[in-house]
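Subject: Structure handover, helix packing

Hi,

Here is the structure for your files. My notes on helix packing follow below it.

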Amino acid sequence: MIDAISKNEMSTEPGAVRKRKILIVEDEFVNREILTAMLDPEYEVVTAVSGEDAEAVLLRHPGEISLVLLDLNLPDRHGLDILREMKKDLRTAKIPVIVLTSDKEAEVECLDLGAIDFIPKPYPIQKVVQARIRRTIELSEDRDLIRGTERDHLTGLYTREYFYRYAAQYDVYNPDVPTDALVLDINHFHMINERFGKQYADEVLVRSGQAILEAVGLCGGIACRRSADMFLVYCPHLSDYKAFLDGIVTAACGADKGRIRIRLGVCSETDKSVEMQTRFDRAKIAADTVRGSFTDCIAFYDNALHEKEVYAERLLYEFQTAIDEKQFSVYFQPKYYIRPEKPVLCGAEALVRWIHPDLGVISPGIFIPLFEDNGLIRMLDRYVWRETVMQIAEWKKKYGCTVPVSVNVSRIDMLDPDLIETLRELVQSGGLEFCDLHLEITESAYTEDARQIISTVNSLRDIGFVIEMDDFGSGYSSLNMISTLPIDVLKLDMVFIRNVFSENGNLRMLKVIFEIADTLSVPMIAEGVETAEQLTALREMGCDMVQGYYFSSPKPASEFEKYIREWLPTVESAAV
Amino acid sequence: MLTLEKLRAFGANVEEGLQRCVNNETFYLKLVEKAIRDPAFDNLRETVEKGDLERGFEIAHALKGVTANLALTPLFVSISEIAELLRHRTETDYRQSIEAIIAKRDELIALSL
């Protein structure tokens, strides 16, 4: 009673409460009147006395009817026919229908056709009728909400959240079915976006999604669009993923055969105790191993990958301990000035090694990319800078001379607002000149946020730091850019040197580069020099400095000192 | 004019009927008035006399629903019986049962005058 009063009161405010609309299809006046009276305060009731009438009302109120109460015996049509037609028509298929009947035999058929519930005749008391109707509307609206959010609007595939829940549900009911977690990723999707436009890219996504849905339908799995161009599939184990993927790629390409490439990572038949998300992370790791490949597009997460992942995980986990226990050791590789007949030591590059108590010496090739991925590299770089400054200071004290050492400054460091202050304090704390510490900034960093990087580099140079552009020749520097960049030294990439001196290498390329460096008056260091022949050639081309195994591998500080001692007499004689 | 007392005396389950009509006496009585003047009663007689048992069943079925909802028990019971026979298209003499129904209906009309 109180409920009814408060609702009535509310409805006197304009627009305060909008009642849900219920359509009663019933030809008997008395029955119609009773139902209307039962529902009237809570709902807006619309009535129809025949099948034709009902159809007209439904079309007149598209999307407005929350529920239909349907009598089976109508003068023009049987209620079941109306129900059947409603379910076939997309405009009315989702409206819940409660059948009014005293006919037990019709019940199963009604349910099969999509009726949600029954109200028998004679009608139950008002409260019961109202409760059934309220519950039915509630369920149906919830279902619509779920349908509205469980699917990605573009492709019609599940969204991630629902996907993971349905996948978990799948496992609950199929605990013994070997099931694979799949990740499908469109190669270079951002380039498709850029080259052919968003609309085209969307069409590719829709076609891919559709094809995935069909493929998954055939094998009894489920699929979702995980993010922009990445799809997840959870399905019973398949033996032939090539056919599976080929079908999808063909459909994704549409008329533009061969334009779209999709890579597939499979985490196969794993132990279901492994968390769902982890299985997909693994499939993703597998997929990314064939990211750039034109020949392979399917990869399985296997033992080797697992070990690599576990290894990487361990390294990440033990990083802090390694820093605390000084397991990272800074090695020094000498740089030689090669213009004179007898090359002269002119500096060194600081290179980090991880001397792990159990795993032995770990190559920076393994842990640097790992730490770059998650930002730990910042801490490691600072560690190396500190150790290096201390080492330069120690040598200065011991030998009375300075060996300038270059350290790596990672891309992420360049975005650090405290970078300049940190470096300044560090150098000052060691009692060094700024020019004693050289900073190596990788070529590709310049191309990312060039303006900010250039401004930071300028500030560092103004203070007195020497800037070396690392990995020159491996990236995409344009000549134009190099001529305007604030650089003191160009470091020619090791891989570049190796290629040039290989069988099919082109020495002329190298010569051109040295000419450019000469024109710009920027000295050049060649990295990775391994043979006397390379040294001679580089010298002839006008290379200033060389670093590489020909002279020495990177050495611990104590071993590096022998190069300083060899060099000392020349320094002293020069001083005299 | 119909009253609750008269209906009760007729044998209707007034409390049940009233409850279904959201306990509104006027509304309940109005619906009973309407129901007893439904031409379906006479249609039932004519249709069955013509031997159209299928249509006869439809009419009886509808009347059964209405009388059940209004809890007009004596009418409902008679109609239910004939509806069951008609559902199975039973070949029998329906005249007596139909006359009994009409008599009950007429009894109510008399009460309403």
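First, a definition: a crossing is left-handed if the near helix is turned anticlockwise from the far one by less than a right angle, and right-handed if clockwise. Helices here are DSSP runs (H or I, at least four residues), numbered from the N terminus.

This is a predicted model: local features need pLDDT of at least 70, side-chain atom pairs count only at pLDDT 80 or more, and totals for chains, interfaces and linings use all residues. Residues are numbered from 1 along each chain as its sequence is written, with chains lettered from A and ligands numbered from 1 in the order in which they are written.

Within chain A, helix α15 (residues 376-399) packs on helix α17 (residues 419-429) at about 25°, with axes 9 Å apart. Axes are lines fitted to C-alpha atoms over the stretch in contact, and angles run from 0 to 180 degrees between N-to-C directions. α15(A) is therefore roughly parallel to α17(A) (under 35 degrees; over 145 is roughly antiparallel, 65 to 115 roughly perpendicular, the rest oblique). The crossing of α15(A) past α17(A) is right-handed.

α2(A) passes α5(B) in a left-handed crossing. On α2(A), A:Val30, A:Asn31 and A:Ile34 are in contact with B:Gly65, B:Val66 and B:Asn69 of α5(B) (C-beta atoms, placed from the backbone, within 7 Å).

Best wishes

Key: Helices (H or I, at least four residues) and strands (E, at least two) are DSSP runs, numbered from the N terminus. Two residues are in contact if their C-beta atoms, placed from the backbone, lie within 7 Å.
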